[in-house]
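Dear colleague,

Please find below a structure that I am handing over to you. I would be grateful if you could look through it alongside the notes that follow.

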Amino acid sequence: MSDQPARPSERSVTVLGLGAMGRALAAGAVAAGHPTTVWNRTPGRAGALVAAGAREAASVRDAVAASPLVVAVLLDHASVHETLDPVADALAGRTLVNLVTTTPEESRELAAWADSHGVTYLDGGIMAVPGMIGGPGAEVLYSGSRAAFDDARPVLDTWGGSTWFGEDPGLAPLYDLALLAGMYAMFAGFFHGVAMVGTAGVSASDFARRAAPWLAAMTAELAGYADVIDRRDYGGPGQQSLEFSDPSDMVRASEEAGLATDVLAAVQALVRRQIDAGHGADGFARAVESIRDPAGTPAPTPDRAPTAGGAR
Ligand SMILES: NC(=O)c1ccc[n+]([C@@H]2O[C@H](COP(=O)([O-])OP(=O)(O)OC[C@H]3O[C@@H](n4cnc5c(N)ncnc54)[C@H](OP(=O)(O)O)[C@@H]3O)[C@@H](O)[C@H]2O)c1
């Protein structure tokens, strides 16, 4: 992993896709003085960029031919193939930076496709919304060709912090989607809390003022959980047990108030699978094993027969 700054220099870059994110990235490259060519499937979205100094290509083939560095900011994995398959010959000898959100396997597939056409491949996961691009909070995670990463740094660094995770092109999307998984689950928990206090007439804004510092303080627990998980030391001292962590009281309170319990039920299912397997006295972090082994075999208990999974 590396986050060393690169020497400032100029690179010609093509940005394919002028949705909200593509426009932000292209604007960042233009503002930094890199000769920038842009293309969008639907014409008419390049006006402000052209006014700022970008060149709009009439076709994707012209766009690809314009720069040794081609950045895809399209919708999804399928749109990358749809756009680039017909111009693979023009892409040969160039570097493709794929910033489209893809799964790790989709990124590896694109990297293999690129390799088979003589294209150098770098994958990227954007940890920012368009308004953050170029600002202090923006991070883009990369994996794939290290040489391409180093060479493209003058452009990449105009968008935010740039970190390279390794030659496996699937690593950046893996981190990207893992971080988003944590974020979405946290927001869903917040929404559930909003619904709970809302039954007493408390506004979401009031609740947010209390929830933000609480959740921020709780992130201090992550390192401790991580240490336990890395050592698989779920029986070690000082851990809050799974029995104690079962969110039954939160579920009951929600049911009493007539609320849906989907968010809590997901947490409860992870906890209960470990309790059912006989690990109720172990620490809460053991719930990660319910995710790692969705077909885990619950140990029989006197009042609860195994429900799912069968033999390993
Ligand atoms: N926005 C964010 O906050 C954010 C954050 C992180 C990552 N990302 C990722 O960045 C990528 C772009 O996001 P966005 O926010 O810019 O999306 P967007 O505003 O919906 O724009 C989508 C872009 O993809 C193009 N496109 C869609 N299907 C296509 C196809 N079959 N062939 C060619 N072009 C096609 C669209 O062109 P048309 O104008 O012709 O429809 C448009 O330029 C996505 O993969 C997204 O997951 C976005």
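Predicted model: local features only at pLDDT ≥ 70, side-chain atom pairs only at ≥ 80, totals over all residues.

Residues are numbered from 1 along each chain as its sequence is written.

Helices (H or I, at least four residues) and strands (E, at least two) are DSSP runs, numbered from the N terminus. Eight strands form an open sheet with mixed pairing, in the order S3-S2-S1-S4-S5-S6-S7-S8; two strands pair if DSSP finds at least two bridges between them. Its edge strands are S3 and S8 (161–164), each of which pairs on one side only.

Strand S2 (residues 36–39) is parallel to strand S1 (residues 13–16), and four bridges join the two. In this pair, Val15 stands opposite Val38 of S2. From S1 the chain passes through helix H1 (residues 20–31) to S2 in a right-handed β-α-β crossover; right-handed means that, with the strands pointing away from the viewer, the path from the first strand over the helix to the second runs clockwise.

S2 also pairs in the parallel sense with strand S3 (residues 55–56), over two bridges, and here Val38 stands opposite Glu56. A right-handed β-α-β unit is made by S2, helix H2 (residues 47–52) and S3.

S2 is covered on both faces: Thr36 and Val38 on one side, and Thr37 and Trp39 on the other, are all buried. A residue is buried if 20 or more other C-beta atoms lie within 10 Å of its own, exposed if 12 or fewer, and partly exposed in between, with C-beta atoms placed from the backbone.

Ser67 is found in the loop between helix H3 (60–65) and S4. Ser67 counts as buried because it has 22 C-beta neighbours inside 10 Å. Beyond its neighbours within four places in sequence, Ser67 is in contact with Ser12, Val13, Thr14 and Thr37; contact requires C-beta atoms, placed from the backbone, to lie within 7 Å.

Strand S4 (residues 69–72) pairs in the parallel sense with strand S5 (residues 95–98) over four bridges, and Val70 has Leu96 as its bridge partner in S5.

Finally, the domain assignment gives domain 1 (13–167) and domain 2 (199–292), with bounds that come from an automatic or database domain assignment. The C-alpha centres of domain 1 and domain 2 lie 39 Å apart.

Yours sincerely

Conventions. Contact = placed C-beta atoms within 7 Å.
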